[in-house]
Amino acid sequence: MDFNVKKLASGAGLFFTRAVQFTEEKLGQAEKTELDAHFENLMSRADCTKNWTEKIYRQTEVLLQPNPSARIEEFLYEKLDRKAPSRITNGELLGQYMQDAAKEFGPGTPYGSTLIQVGECERRLGAAEREFLQTSAISFLTPLRNFLEGDWKTISKERRLLENLRLDLDACKTRLKKARLAEAKTAAEHELRVAQTEFDRQAEVTRLLLEGISSTHVNHLRCLHEFVEAQAAYYKQCHFHMQELQKELGRLPNAFALNSTHSMAAAGSAAEGISSPVETDTLKIEEVQAPATGTRKAKVLYDYDAADSSELSLLADELITVYTVPGMDSDWLIGERGNQKGKVPVTYLELLS
């Protein structure tokens, strides 16, 4: 018990001495040992690294998981050292809803079949997003968090210890100046030598840790490259899935046009009392002639594979000549490239003036 009381009293006395030294320094009544400019620069660089790493980490978390409740849940699982349950992405959920709706509406109907195609694409997009989130968390978020929760805490602890030893050192200098008796001076000089040695040792330890920030930058740079690679791969996958979906949907206007033609013809036949089957003329591309006026240049936005001989395959970024013909569905144009000619979907083109 005696020992604990003495230790407590000693600690309280040390704390009081440091508080007095700190207060007198702020009031300009005591001298303060200044660190060299290089050391100050190292500390400033470390503080800057910590602050921006924290901001980048937090905002990346928001980018990868915009839902704050989900972020809190993941944080709690992590603190409890438990694996968070697998979470379905919004794209996967949307895709599932679309495919379930298609079953209700009828997968053989135009709307139902389209819902199936779009739903499958959304599920693929959601799966790509899931892979991107996992990769980014491992390759980018984890190293940043390890720095903030590991290296930076160590640096902060050693800096606090250095500041305390600096206060002790300056308090010893003050006592030496105030000492009048030879015996008091001798004791103060001994305390000053011990305090200076401890301060110098701690300054060297802290300096080495601060210089390690350069290695931290190198590590974070590598992680940043990996994050960019993961992001690029994710967007590339998304672009590919959307292009494939557009190709599939680009073939649907034929069905719409056919349904529209049949409906109009059936309505006309009913009005005239005609009961014979409706006959429609098939557009023959080889017989289509370009009009004297009305042709335009168009830039191809995406690759397109022709579904049959009446269509023209396209390559992204190429320029073709396009025009319309009477009776043709508005979702399509006639495209020409040299001696090649065929129908092309408007959604794949950027019409130029």
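This is a predicted model: local features need pLDDT of at least 70, side-chain atom pairs count only at pLDDT 80 or more; totals for chains, interfaces and linings use all residues.
I began with the largest nonpolar core: of its 37 residues, Phe39, Phe132 and Leu210 touch the most other members.

Helix H2 (37-64), H4, helix H5 (110-178), helix H6 (182-211) and helix H7 (213-250) are the ones that give two or more residues to it. H5 supplies the largest share, 17 residues.

I then picked Phe132 and asked what it is in contact with, leaving aside neighbours within four places in sequence. I found Leu64, Phe227, Ala230, Gln231 and Tyr234. Another core lies apart from this one; it has 16 residues, including Tyr304, Tyr323, Met328 and Trp332.

**Strands**

I turned to strand E1 (residues 296-300). Over four bridges, E1 pairs with strand E2 (residues 319-323) in the antiparallel sense. E1 is also joined to strand E5 (residues 349-351) by three bridges, again antiparallel.

**Salt bridges**

How many salt bridges are there? I get a count of 15. I looked at a few of them.

Arg58 and Glu61 form one, with the closest N and O atoms 3.5 Å apart. Both sit in helix H2, and because they are three residues apart, about one helical turn separates them. Arg58 is partly exposed at 45% relative accessibility, and Glu61 is partly exposed at 23%.

Arg166 and Asp170 meet in another, at 2.7 Å from N to O. These two lie in helix H5, four residues apart, which is about one turn of the helix. Are they buried or exposed? Arg166 counts as buried, since its relative accessibility of 3% is under the 20% cut-off. Asp170 is buried too, with a relative accessible area of 2%.

Arg175 forms a salt bridge with Glu191, and the closest N and O atoms are 3.2 Å apart. This pair links distant parts of the chain, 16 residues apart: Arg175 is in helix H5 and Glu191 in helix H6. Arg175 is partly exposed at 38%, and so is Glu191 at 36%. I also noted a network in which salt bridges with shared partners join Glu163, Arg166, Asp170 and Lys173.

**Surface**

Last, I checked a nonpolar patch on the surface. Ile88, Leu93 and Tyr97 form it, and together they have about 290 Å² of accessible area. Leu93 lies in helix H4 (residues 90-105) and is partly exposed, with a relative accessible area of 32%.

Note on methods. Residues are numbered from 1 along each chain as its sequence is written. Side-chain values use heavy atoms; hydrogens and water are left out. Patches are made of residues with over 30% relative accessible area and no salt bridge: like charges are joined within 9 Å, nonpolar side chains (Val, Leu, Ile, Met, Phe, Trp, Tyr) within 5 Å. Accessible areas come from the Shrake-Rupley method with a 1.4 Å probe; for residues, only the protein chains shown count as cover. A salt bridge is a side-chain nitrogen of Lys or Arg within 4 Å of a carboxyl oxygen of Asp or Glu. Buried means under 20% relative accessible area, exposed over 50%, partly exposed in between (1.4 Å probe, protein chains only). A nonpolar core is a set of buried Ala, Val, Leu, Ile, Met, Phe, Trp, Tyr and Cys residues joined through side-chain atoms within 4.5 Å. Contact means heavy atoms within 4.5 Å. Two strands pair if DSSP finds at least two bridges between them.
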